[in-house]
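Hi,

Here is the model I promised to pass on.

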Amino acid sequence: MTRATAGRALLFGVLAAAWAAAAWFLWQSRVPGSLHLPRLDEHDYFTAAQLRASASFSRVEVLIWLFGVVVQVVVLALYAWRGHRFMRESAAGPIGSGMLLGMLGFAILWLAEVPVSVLELWWQRRHDLSSIGYVEYVFGNWFALGGEFVFLCLALLIVMGFARLLGERWWLPAAPVFVGIALLFAFVYPYLTPTHKLDDPRLRATAQRFEKIEHVEHTPVVVEDVRDVTSLPNAEAMGVGPSTRVVLWDTLVYGPYTYRELEVVLAHELGHLSRNHIWKAIGWYALFAFPGAFLIAQAVRRRGGMAQPEAVPLSLLVLVVLSLLATPIENVISRHREAEADWMSLLTTRDPAAMKQLFRDFVPATLSDPNPGTFEYVALETHPTIMQRIEMAEAWRLRYATSTAQSP
Amino acid sequence: MHEHAEHPVRLVVEDDLRRNRLTVFFRILLAIPHFIWITLWTIVIVFAAIINWLATLVTGTPPGGLHRFICAYIRYSVHLTAYVHLVANPYPGFVGEEGEYVIDVRLPEPAPQVRWKTVLRLPLALPALLIGATLGGVGGTFFAPNGGRGGTGVRFPSFGGSGALSGVAAFLGWFASLVRGRMPKGLRDAAAYGIGYDAQVMAYLLLVTDRYPSADPTAMLGDVERPPQHPVYLVGEAEELRRSRLTVFFRLLLAIPHLIWLTLWSIAAEVLVIVTWFATLITGRPPAPLHRFLSRYVRYSLHVYAFLSLAANPFPGFLGEPGRYPLDLSLPGPERQNRWVTAFRIVLVIPAYLINYALLFALAAAAFLTWFVALVRGEAPWGLRNLSAYALRYSAQLNAYLFLLTDAYPHASPLEGAAPEPATFDELL
């Protein structure tokens, strides 16, 4: 072994150790490691008709997702092969031409995915989960594509700019810049989401009480109106620093949910903030950005590297394939965070019955399969399954609710 | 080289630009008898047009008598519009005499017409009416909420619509003619172009010909003398009409990064133009580095809007470099400029801004229609491309004037300026 090889191995080892240490730190959770989820039978919580409907809905959703993935990979593979021909449509320099090729790749992908999107919308409309019109949906997506173009151009400007300066080592400065952009986006995103104040005084008072318990005082709780386009219930914690807030969809606040169920949701979202999940998500993004950018740099070497616009179509394919491969891992991390937020909710509300009821109500409202198959679970589930969440509520009840002296 | 057949409806311009100040001042009032007369005539024409349509549908050719009657109406409409818009000076006759007015239109003899085009004439004419609404105002009745004249009553397409190029040129020409006793050639040509296009649209709509109107300003004013070359002019590959269908479909979205960059660049340009203004006022010429920067900005702006409006095909660069884009701009160097013109530049630019504003509507309409055509055929229509080039050229001349690249006022003529003739051997001697 030469000294250079040994040096590289050592460097790799140090970097891998640093990566693992950072991942370990980000993985820390308030959910007790010793917590054992009891096995519960879904038939005790849902009717046979509900289980049939959700299983049938989810099965088709998975098929549509798979169809979409195949379309995505095939289209981008073809584009990686032939996309450089669009160079003749550019009078710009290398970076401008790279931007054009990037945008055209996304444009072709958008065109190819229109049938998939329409199929998915049709399936949701058929089950009354969406009320958005087809034309409105397609044109809405078309405008959203404009936003993607802007981000893509910015990304390519960074990557190609560094590649022209540093050659194949562009990924070293580019990855932290992308992390910075992710952070900026996390900060700005809440300001781009149109919301209004929560007008229920009782829920507002509860929010203030929970904020004190979870040590996230003065977090605004607001409502987003989505009822015109969907009937799905949802809530999210978003923002960093002064933009931090909890957003509840009006389908949830004004939906068929009891006050106690809304308390569970509120405590769950505040739990995300309490446990710094947005910061941790950015941390995870950083951990994936470095190796991801490095792999892209390696993959496009034969096309002349990222300094050449001809490499852009291939880089899009590599990016999408890497994202697909990373999806199961990202889902594991996401489920881990969501489980912790559920646990925080239980610690705050001390109401496992309300949590169970909330998730029971979610099944007919969202048609989520309470106990999906392994593939769906690994590839698509960003949250613990409904049954796992009910089981966690039951586990909390068994652990703490029997004796106040044992309460955390 | 593209071959472009001559349009059967041809505008004839024999005007010498001289204007009588008295008749200019009272022009609208003097035209009142004509307004009454054309309103009556228009009512008759509506019925004549329906009969003509049915007859052409049955026989395939418009009947001679009706054809002559409609031609006289179109000619009269051109004479009257030219008079009202100050494109011509003499008071016009009332019967649309052929070859007797300084702004006239040559119309074809009755000829067989394709029947399906006759059946669908009105829907087929809609794109031309849209362009007409922005140029002469012929489509104002169809595309403006109150008809072509702000709801004054006359709603047939024989008068300029508010906001149309001819209307703005006439408005500015009124002041200029009163002061100088002459109509500025640029304004006259611009208004004449709009009127000529209106005549072609009317001839198409009223079944005088089944040849579609051509928006090409160069062909429309082919017999008119070209103005002297402006120091800011278009260069590049005018004949390149190929358009990539994919980039046409996504043109608006693809332009977004450029529009963002152009906005950022505009902020810097607006700051630096103030510095340039002071420097030019003091030294008499713009500082070379600032002139270079602002030249790049003006050129880049042209590239972006040429791409956005489909007047050119490729994705432009971000630096406004000369010689890289098929629709490019030749700009003068940092030459000496008149200090008075520099001092009052922001005021002097207002008339040109109004013309530019009218042309932007034409550019938007041309881009909108080109989008559909290019998507289907994979190439831009020659006429619309040249209309867009005219609007872009004027806009570039305006920007060059505003950003102190030249003190030459933008020239409103749709005709590209003629390069100075090379000196003859005798002159050299």
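**What I found**

A:Arg301 counts as partly exposed, because its relative accessibility is 45% (buried means under 20% relative accessible area, exposed over 50%, partly exposed in between, with a 1.4 Å probe and protein chains only). Before going on, some ground rules: this is a predicted model, where local features need pLDDT of at least 70, side-chain atom pairs count only at pLDDT 80 or more, and totals for chains, interfaces and linings use all residues. Residues are numbered from 1 along each chain as its sequence is written, chains are lettered from A and ligands numbered from 1 in the order in which they are written, and side-chain values use heavy atoms, with hydrogens and water left out.

Back to A:Arg301: its side chain meets that of A:Glu168 in a salt bridge (3.3 Å, N to O). The term stands for a side-chain nitrogen of Lys or Arg within 4 Å of a carboxyl oxygen of Asp or Glu. A:Glu168 sits in the loop between helix H4 (134-166) and helix H5 (171-192) of chain A, and A:Arg301 in the loop between helix H9 (277-299) and helix H10 (312-349) of chain A, so the pair ties together parts 133 residues apart in sequence. (Helices, H or I of at least four residues, and strands, E of at least two, are DSSP runs numbered from the N terminus.) A:Glu168 is partly exposed too, at 40% relative accessibility. Over all chains, the count comes to 21 salt bridges.

Chain B has some of these pairs as well. B:Arg299 and B:Asp328 form a salt bridge at 3.7 Å, N to O. B:Arg299 belongs to helix H14 of chain B and B:Asp328 to strand E4 of chain B, so this pair links parts 29 residues apart in sequence. B:Arg299 is buried at 9% relative accessibility, and B:Asp328 is buried at 4%. Another salt bridge joins B:Asp189 and B:Lys185, with the closest N and O atoms 2.9 Å apart. They are four residues apart in helix H9 of chain B, so about one helical turn separates them.

Now, where do the two chains meet? In the model, 20 residues of chain B are in contact with 22 residues of chain A (contact means heavy atoms within 4.5 Å). Between them the chains bury about 1,800 Å², 78% of it on carbon and sulfur atoms; buried area is the accessible area (1.4 Å probe) that two parts lose on being put together, summed over both. One salt bridge crosses this interface: A:Glu89 with B:Arg242, at 3.2 Å, N to O.

A:Glu89 also has a polar contact of 2.6 Å with the side chain of B:Asn313. (A polar contact is a pair of N or O atoms within 3.5 Å; within protein, one must be able to donate a hydrogen and the other to accept it, and residues adjacent in sequence count only if both atoms are side-chain atoms.) B:Asn313 is in the loop between helix H14 (288-308) and strand E4 (327-330) of chain B, and counts as buried at 4% relative accessibility.

Lastly, chain B divides into domain 1 (10-220) and domain 2 (233-402), with bounds from an automatic or database domain assignment. Their C-alpha centres lie 31 Å apart. The two domains of chain B bury about 1,300 Å², with carbon and sulfur atoms giving 83%, and zero salt bridges are found across that interface.

Cheers
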